[in-house]
Amino acid sequence: LCPYAALPDDWNAYLDALSTNMRQKIRRLLKQVEASSEYRITVASPETFDRDLKTLLEFWDKKWRARKSERIDSLIRSNGSMLTRSFRSGLVYLPTFWHGERPVAALAILVEPRKRTFAFYMTGRDETFEGPPAGMVLHAYSIRHAIERGFVEYDFLRGNEPYKYSFGCSERKIHSIVLE
């Protein structure tokens with residue numbers, strides 16, 4: 001199952017379509033982050049991309065190494081290579097959430113300008129961080145960014161984790177075929 005949110009052409013219209021609780025939570029969290037000197041969100045630029053990608057992949061490694069043991073190094077290399085090439089082509093949006101000078105989470109989003117879609121690819125976060133929910137903050141920030149630039153869909157790709165549906169998602173089914 002692949003949850004996705006259809007995006008209207010206005011941020012407030014998007015928020016109005018969410019539950020009252022989620023709408024208030026997103027507004028509160030973004031205001032807390034953006035009005036604070038304690039928190040900030042940066043978006044990878046050519047000058048910061050290597051640092052931001054390294055942050056993302058280190059967090060991802062810590063989360064998944066035990067579960068994907070023998071494949072983890074290969075996955076990190078291939079994802080790093082793919083995301084680097086895609087970024088150089090203008091097809092990756094990589095926001096990082098900071099607490100002071102400490103990065104606490106990052107998202108890698110694949111940008112599809114022809115279909116006007118943001119596709120959430122992977123995330124990594126510092127599991128010890130006890131501040132605002134970093135994933136929710138970064139997804140809300142990214143959805144707002146996508147709407148402001150005329151994108152029409154925020155695709156959460158594979159996985160029907162419950163948190164994704166709180167962003168006003170519908171779902172589509174995909175089928176995988178393995179040829180040997």
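By class, the lining of the largest pocket holds 17 nonpolar, seven polar and nine charged residues. Here Ala, Val, Leu, Ile, Met, Phe, Trp, Tyr, Cys and Pro count as nonpolar, Asp, Glu, Lys and Arg as charged, and the others, Gly among them, as polar. The model is a predicted one, in which local features need pLDDT of at least 70 and side-chain atom pairs count only at pLDDT 80 or more, while totals for chains, interfaces and linings use all residues. Residues are numbered from 1 along each chain as its sequence is written, and side-chain values use heavy atoms, with hydrogens and water left out.

To return to the pocket: 33 residues line it, and W60, W64, F120, T123 and E161 lie nearest its centre. A pocket is an open set of points on a 1 Å grid over the protein atoms alone, where a 1.4 Å probe fits, with protein on both sides within 12 Å along at least five of seven lines; lining residues have an atom within 4 Å of a point. The space in the largest pocket is about 1,100 Å³, a volume being the space filled by probe spheres set on the points, which are joined across faces, edges and corners.

Which element supplies the largest share of this lining? It is strand 6, with six residues. Among the others that supply at least two each are helix 3 (49-68), helix 4 (72-88) and helix 5 (134-148). Helices (H or I, at least four residues) and strands (E, at least two) are DSSP runs, numbered from the N terminus.

I turn next to the core. The largest nonpolar core contains 37 residues, and Y14, I26, F97, Y154 and F167 have the most contacts inside it. Such a core is a set of buried Ala, Val, Leu, Ile, Met, Phe, Trp, Tyr and Cys residues joined through side-chain atoms within 4.5 Å; buried means under 20% relative accessible area, with a 1.4 Å probe and protein chains only. Helix 5 gives the most to this core, nine residues.

After helix 5 comes G150, with a positive phi near 80°.

Finally, the cysteines. The whole structure has zero disulfides, a disulfide being a pair of cysteine sulfur atoms within 2.5 Å. For C2, the nearest cysteine sulfur is that of C169, 11 Å away. C2 counts as buried because its relative accessibility is 5%, and C169, at 15%, is likewise buried.

Methods
Buried < 20%, exposed > 50% of the residue type's maximum accessible area, 1.4 Å probe, protein only.
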